[in-house]
Amino acid sequence: MWEMTSGIKLSDEEFRTLRDLIKDKCGIFFDDSSKYILEKRLGTRLKELKFQSFREYIFFLKYDKKKEEEFVFIYDTITTNETYFFREDYQLKAFTDEIIYEVVKNKNKGDVIRIWSAGCSTGEEPYTIAMLLYSKKDIFDNYKVSIFGSDISQRCIKIAREAVYYQNSFRSTTEEQKRKFFDDLGTAGAKVKAPIRELVSFGNLNLLDKNKIGFLPTMDIIFCRNVLIYFDGASRKAVVENFYEKLERGGFLLLGHAESLINISTSFTIRHFKNDMVYQKP
Amino acid sequence: MEDLEREEKKRAQIISLKENFTQTDSNLELFFECLGDKSWRVRKEAVELATRYPDEAIIKLLILGLSSEENAGLRNASQEALSLIGIPAIPYLKKHFSAADEDVRKFILDIMGDIRCKDVCSFLIDALNDTSENVVIAACENIGKIGCENAVTSLMNLLDPEKQWLSFVIIEALAQIGVPFDAEKIIPLFDVSQLRKPILDLLPLIKPPHNVELLKKSFSENSNYLKINAARKLYELFEQNPDKLSELKKSVKDCITYCEIYEKLFEPSTNESKVFALLAFITEDEKFFKSLIEKADDEALELFGSFSSYAPFSNISLIVSSLDKYHDKKQAYLAYLCGVFGAYDAKTKLIELCQAQFGHTRQAIAFSLGRLGGEAAINCLFKLMNDPYPDVREQAVNSLSLLINKDNFPYYIADEIFLHGEKDKLLSILELLHKTDSINKNYLNKALKSPFSDVREKAVQIIGERKVQDLTNELLFYLTDENENVQLRVIEALGNIGNKDCVETLVNFLASEDLQIKKTVIESIYKLAPEILAKHQEKIFEDVTPFSFFGLLTLLEKGLPLSSELFIKKAFEFDDKDIFIELTNFFRTAGMEDVSLKLTSLIEKEKGKDYLPVHISQESISTGD
């Protein structure tokens, strides 16, 4: 099925203004090639709000009392939520075989291991982390595990809390993993089993919102994979700084395979594990 | 014409005398002449003169006037004047009493009654021994009028079935005096038909057992009038002492039989269905009960149920057998009564009815099963806990909380509900676990992970109420919850839990644009560390809108330490007359007169003396003084 366009044109100037507004609010940056995506995705919204032009919509975003609510809608519309369980398995292997043991070295039995999946979209990543730790008896039986998944999109968080997934999310999941961690709901998908769900909390968070991030407890590990690519340079720096502040000393930051902190931060040290290279707060 | 001229002349004379009275023989003569004048206008002026100059000579003339046999106008004017003169006349009246004739004695007693001074009670009691029955009757009447409490025994001694009028007057006087008395002597008078009504009216004052004896007699009479009045008095007796209902019920139950006249109590003009409810409760009679169910208003029905707090109701089958006869609201009421009256025989029937279509019936069943108890009731209540109607669920939870505790809680049911995770069921089971003290961290953690914000909110609320320290860090995640109510509950819970480590986190919310969040966070920080609140006053007032400004004032009113200086500063930033007025008024009514005064003088300095309405600035000044 193709997506219908609204027929309302987005001029270059309007595109730049809209892009800047979005960037200022949530750090997500659209380059010039994304003009068509914005025009298409937001055009339908304009019609719903009975706006004749993007100019009117921009005024609405700038000055209306309900502008904050509208930005929430925009996040939900423009963010891509491409993710699946057990994604990038080599990094997950580094996490389960090496990183987690580094973390518990400094802990006593019964202490809490806190992991943040930042920009978790519809929740596949934090649940994957929970499944992996649940399977590691030596860790799970000796420490409390607390995983926090956050995303800027309320729609995504709602899906994550429901914990019901369809075929697309299982492209890297083995049948055994499916049997072990999911309740089959037939055509209605598969639901993450209760013991796994109970390890994960979710929150609605803009990674640039320093204030709100301040509410979180400090973390041992932060996963932020394939999220920074959406941000412009300044926003990336700000996000990474927030991570730095939120990490325990010796805590780890795990980015996506195509992402690095080059030109962003020199605060972290690089740690080379057998399966992956990750950043550590000294 | 001649009469008119005469009257005018006389009236002019007495008015002139009244304006400039001196005590001479001729003036006294003129006064007395006018007091007995055939024109009432002239007499009226004379009475006024007497009340203006109530000295001995005038009073003596007035007493003389009382004795006039041929001039009724003179008697009446004298009586009126003496009554108006009041206490100064009493010694003269007493002195003259014994020498006076029967009529004058009666007048004197009436005057004393009109004066309404209790000092004359003993005099009136003495007058009860007068040789004239008319004088005695007048004494009784005036004893009643004044309310001479010490006359009760003397009055009772005079009661005589042969002297009906005197007895009637005594009964009326006793009613007016209004103190309870032992009425053994009144009982025989009840056989006199003319005296029954006044005696019945007296009933609330009559001490037991005679009051009940009289009631029994009244209910047994053929007179409809007496029956219905007895019912009213019965209700008055119940109201006087509800704790005695059980005894009252035992005493009168067998004397009351159903008859149609009692249906009058349902008439809108009387609106006494509560009296009928009492009759139905006391008699436990089917006809009374049927009429009650069919005709009584909600208030009377509720009252009927409440009687069970004071006395037992043994004819339970009456209620149980009626359950099938009615539907909807009436059936719901009967189901409720089963619980109130402890109708254990009704349990099976109630359980059968728990699928009733009418929501209130299911709610009432949930209520009653909670009182009746038992395994079957518990099972049924768990089913009702999943009812589509929220009130039924809430009642089922309340009832279950009476029947189960953490030792016998069927945790497998809770586990099942958490496994399936339906919102309403989760909310109910959480409440039940909480109420029965059966909740644990495991359930709370599961609830926090629910996709339903209502469930998360409930879990956070319970964590706060139970001060679950171990979940404090977990709660912090929910400060980022997309649902504001959840956030709000977390802030509240953190304050309740009392973990001071959270204060710095909460401080971030102080500048919230959401008033509710701002207020809650202020209260929570205040509970945790008041000194921190003092440090962050500027932050509290950051970006405050006029609306939230007034919200903050309510916190100041509650005694939270918010800076009045900053309130004033903010008001000047808003620069709005209404805000200035409101703030000034607020400080004043909150007892912060010095701040109010400071604000008004600042406003006057900045805005000029006429800026605030006069009443605001003046009140401030006067309060300030």
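Hi everyone, let me start in chain B, with helix H16(B), whose buried residues are B:Ser273, B:Val275, B:Phe276, B:Ala277, B:Leu278, B:Leu279, B:Ala280, B:Phe281, B:Ile282 and B:Thr283. Buried here means that 20 or more other C-beta atoms lie within 10 Å of the residue's own, exposed means 12 or fewer, and partly exposed is in between, with C-beta atoms placed from the backbone. Helices are DSSP runs of H or I with at least four residues, strands are runs of E with at least two, and both are numbered from the N terminus.

Before I go on, a word on the model. This is a predicted model, where local features need pLDDT of at least 70 and side-chain atom pairs count only at pLDDT 80 or more, while totals for chains, interfaces and linings use all residues. Residues are numbered from 1 along each chain as its sequence is written, and chains are lettered from A and ligands numbered from 1 in the order in which they are written.

Back to H16(B). The helix spans residues 273-283 and is mostly covered, with 10 of its 11 residues buried. What do those buried residues pack against? Their partners in chain B are helix H14 (224-240), helix H15 (245-252), helix H17 (286-295) and helix H18 (298-306). A contact, by the way, is a pair of residues whose C-beta atoms, placed from the backbone, lie within 7 Å.

Two packed helices are described by the angle between their axes and the distance between the axes. The axes are lines fitted to C-alpha atoms, for helices over the stretch in contact, and the angles run from 0 to 180 degrees between N-to-C directions. Angles under 35 degrees count as roughly parallel, over 145 as roughly antiparallel, 65 to 115 as roughly perpendicular and the rest as oblique.

H3(B) passes H5(B) in a right-handed crossing; right-handed means that the near helix is turned clockwise from the far one by less than a right angle, and left-handed means anticlockwise. On the H3(B) side the contact uses B:Arg43, B:Ala46, B:Val47, B:Ala50 and B:Thr51, and on the H5(B) side B:Gly73, B:Ala77, B:Glu80, B:Ala81, B:Leu84 and B:Ile85. By class that gives seven nonpolar, two polar and two charged residues. Here Ala, Val, Leu, Ile, Met, Phe, Trp, Tyr, Cys and Pro count as nonpolar, Asp, Glu, Lys and Arg as charged, and the others, Gly among them, as polar.

Next come helix H7 (residues 102-115) and helix H9 (residues 133-146) of chain B, whose axes come within 9 Å and cross at roughly 0°. So H7(B) and H9(B) are roughly parallel to each other. Their contact has six nonpolar, three polar and six charged residues.

Further along, the axes of helix H30 (residues 484-497) and helix H32 (residues 515-528) of chain B come within 8 Å and cross at roughly 15°. That makes H30(B) roughly parallel to H32(B). Here the crossing of H30(B) past H32(B) is left-handed. The contact of H30(B) with H32(B) has six nonpolar, five polar and three charged residues.

On to some backbone details. Most residues other than glycine have a negative phi, and most peptide bonds are trans. Where does B:Pro209 sit? B:Pro209 is in the loop between helix H12 (193-202) and helix H13 (210-220) of chain B, and the peptide bond from B:Pro208 to B:Pro209 is cis, with omega near 5°. B:Asp575 is not a glycine, yet has a positive phi of about 50°. B:Asp575 lies in the loop between helix H36 (564-574) and helix H37 (577-589) of chain B, and is exposed, with 10 other C-beta atoms within 10 Å.

How do the chains meet? In total, 16 residues of chain B are in contact with 23 residues of chain A. On the chain B side, helix H27 (441-448) and helix H29 (472-477) each supply at least two residues. The largest share, four residues, comes from H29(B).

Finally, confidence: the model scores ipTM 0.70 and pTM 0.70. The mean pLDDT of chain B is 88, with 98% of its residues at 70 or more; pLDDT is the predictor's confidence in each residue, from 0 to 100. Over residues 621-625 of chain B the pLDDT is below 50. Where pLDDT is low, the predicted coordinates should not be read in detail. Thanks, everyone!

Key: Contact = placed C-beta atoms within 7 Å.
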